[in-house]
Amino acid sequence: MWSLRPPRYDARTSYETCISRTREMGEQKRRTRLAAAADAVEASGDQLRAAAVEQTLHALDPEDFQIPGIRTDEKAVTWIYQNGMVSGPGRAIYDELMSAPENERCPLCGHGTVSQLDHFMPKNSYPALCVDPLNLIPACSDCNWAKGDTRASTPDELPLHPYIDDIDSEPWLDARVIHEDGLVRLEFFVAPPAAWDNTLAARCRNHFRLFSLRKAYALKANGHISEIRGYLRSLLTTGGVGAVQRHLLDIASSSLTQRPNSWMGVTYRSLARDMAFCQGAFGG
């Protein structure tokens with residue numbers, strides 16, 4: 001997971017921007033009712049931020065995050081998020097959130113391309129947070145679909161939050177090289193640092209499982225190995241095992257310096273550590 005700088009907009013600013021062009025709709029007084037709920041939405045945003053600091057997001061009760069004065073059957077989320085943010089006056093906020101990840105990489109998986117905003121706390125259960133920037137994570141479609149509207153019931157089940165959980169400053173991703181039937185492949189896994197507590201380690205493993213990162217990284221790595229086999233064979237012929245290992249370590253170092261948990265960096269590091277691979281067991 002890649003961490004992101006927290007958004008500069010607060011919950012109230014985003015909400016009031018998104019409802020600013022809502023029509024009254026006659027006797028429904030839609031705009032008046034939404035405006036009257038601004039204090040409650042701001043309070044919900046404060047609760048979200050306090051729970052994030054206390055690591056109690058899983059304990060937030062959906063009943064406390066409804067929009068006062070708005071019935072559930074009125075589909076206020078559509079008014080506020082879809083009409084107010086995605087295609088309304090809040091679009092500038094939407095675009096800024098979408099453009100936050102470097103190179104448009106999904107922060108949840110680290111390799112998909114950002115295409116939508118994911119509601120960390122599901123918008124249908126927590127409508128008061130539907131346009132709170134801290135609750136909106138730029139994500140690829142696969143990650144957004146994988147997460148869906150599921151809610152965590154324990155701290156261990158909480159996915160990692162890119163704005164809140166900065167875990168990329170130390171290595172936690174590792175891989176083992178598997179030689180089988182003349183082929184070589186990598187199998188990725190979570191290797192938590194000793195300093196992590198049990199909850200953070202469990203959350204990282206849950207995140208890894210929820211977004212199918214073991215499979216996603218393996219597909220990337222194993223496909224990449226097939227692309228570099230020819231060069232490695234040539235390097236082995238001209239420079240020997242040492243040249244192959246140095247090449248792998250150089251690329252691993254370059255990649256991991258920028259991203260300590262880059263699937264590519266971990267791939268090259270793991271291959272460099274595998275003596276059978278360096279001696280020519282490249283597979284294929």
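Where is the place of aspartate 181?

## Two positive phi angles

Aspartate 181 sits in the loop between β3 (173–180) and β4 (183–190). Helices and strands here are DSSP runs numbered from the N terminus (helices H or I, at least four residues; strands E, at least two). Aspartate 181 has a positive phi of about 55°, although it is not a glycine. Aspartate 181 is also exposed, at a relative accessible area of 76% (exposed is over 50%, buried under 20%, partly exposed in between, with a 1.4 Å probe and protein chains only).

Glutamate 104 isn't a glycine either, yet its phi is positive, about 60°. You'll find glutamate 104 in the loop between α5 (91–98) and β1 (116–119).

## The model

This is a predicted model, where local features need pLDDT of at least 70, side-chain atom pairs count only at pLDDT 80 or more, and totals for chains, interfaces and linings use all residues. Residues are numbered from 1 along each chain as its sequence is written, and side-chain values use heavy atoms, with hydrogens and water left out.

## The largest pocket

The largest pocket has a volume of about 370 Å³. Of the 20 residues lining the largest pocket, Trp2, Gly110, Arg259, Ser262 and Trp263 are the closest to its centre.

On terms: a pocket is an open set of points on a 1 Å grid over the protein atoms alone, where a 1.4 Å probe fits, with protein on both sides within 12 Å along at least five of seven lines; lining residues have an atom within 4 Å of a point. Points are joined across faces, edges and corners, and the volume is the space filled by probe spheres set on them.
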